[in-house]
Amino acid sequence: MKRSSNIKKIMLVTIIIVFAIILITSIYFLMKDFLAYKESNDESKGLQQEVIIKEENEEKVEIEWEKLEKINKDIIGWIKIAGTHINYPILQDNSKLQYLNKSFNGKYNVNGSIFTLNEKPFQESETIIYGHNMKSKIMFSELDKYMKEDFFYKHSSFEIYTRGQNYRATVFSCYSTNVYQEEKQVKSLEFDEKVEYYKKRSKYSMENIGKVKKIVKLSTCSYLDSHTMPTSERYYIVAKLEEID
């Protein structure tokens, strides 16, 4: 009887210890994620205040590129989608994908950066821009809102700024699909065929966008049809790219 009682006590203590370890580990990772989010968010807001100059009408934006170049020479542009938190520098990455887990200043951060792998961003017919879909709703997390009709039409235009040229992007396609299927589908398509493909894939249609000569494609992880980590699903937001003053 006594032996049975001791075994029960040992089992109880073991269970308590296991739960304590799980709880402490969970708190640790939650705090780690929160601190990474806070650091990334604070740095981004600080950078916005430091390098973005707005004129009196609060619409036209001027970027202080000299300051950005001193921070990181990989910063080649800036993307801003009004009505969202997307207001970030765009970095030119290499095949190592370093900005998946580095901030714009080159420091490690799980939130990563907004980046492109294009060799000549915005000069090529199609530029793809990547960013994480974070639970904290920073980086490209709000791209999933384009899957709602009201948001799609109200936020169909956004801006991209570069040192040599500024652009207006007019969204004409949004959808979620498997990244490997997507790469296979567009790999052999000519530019005009890609445009038609994107139009057909879109959840909603955008009328009268005119001739499309260049496009920008925003990409982030999608959990619409997948709940695994990591997911092979992606949200794609495709827009016509036009030069502006």
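Reader: How much space lies in the largest cavity?
Author: The model considered here is predicted. It holds 1 cavity of 30 Å³ or more. The space in the largest cavity amounts to about 70 Å³.

Reader: Which element supplies the largest share of the lining of the largest cavity?
Author: The lining comprises 11 residues, and those closest to the centre of the cavity are Ser-44, Tyr-88, Phe-104, Ser-113 and Met-139. By class, this lining has 6 nonpolar, 5 polar and no charged residues. At least two lining residues come from each of helix H1 (2-51) and strand E4 (87-92). The largest share, 3 residues, is supplied by E4.

Reader: Is Leu-117 buried, partly exposed or exposed?
Author: Leu-117 lies in the loop between strand E5 (114-116) and strand E6 (126-130). Together with Leu-97 and Leu-100, Leu-117 forms a nonpolar surface patch with about 210 Å² of accessible area. Buried requires a relative accessible area under 20% and exposed one over 50%. Because the relative accessible area of Leu-117 is 35%, this residue is partly exposed.

Reader: How many charged residues are in the lining of the second largest pocket?
Author: The second largest pocket has a volume of about 440 Å³. Among its 21 lining residues, Tyr-130, Val-179, Glu-183, Ser-219 and Arg-234 are the closest to its centre. Two or more lining residues come from each of E6, helix H4 (179-186), helix H5 (191-201), strand E9 (215-221) and strand E10 (233-244). By class, the lining of this pocket has 11 nonpolar residues, 4 polar residues and, as the number asked for, 6 charged residues.

Definitions and conventions
Residues numbered from 1 in each chain as written. Predicted model: local features only at pLDDT ≥ 70, side-chain atom pairs only at ≥ 80, totals over all residues. Heavy atoms only, no water. 1 Å grid on protein atoms, 1.4 Å probe; cavity = no way out; pocket = protein on both sides within 12 Å on 5 of 7 lines; lining within 4 Å. Points joined across faces, edges and corners; volume = space filled by probe spheres on them. Helix = DSSP H or I, 4+ residues; strand = E, 2+ residues; numbered from the N terminus. Nonpolar A, V, L, I, M, F, W, Y, C, P; charged D, E, K, R; others polar. Patch = residues over 30% accessible without salt bridge, like charges linked within 9 Å, V, L, I, M, F, W, Y side chains within 5 Å. Areas by Shrake-Rupley, 256 points an atom, 1.4 Å probe, with all protein chains shown as cover. Salt bridge = Lys/Arg side-chain N within 4 Å of Asp/Glu carboxyl O. Buried < 20%, exposed > 50% of the residue type's maximum accessible area, 1.4 Å probe, protein only.
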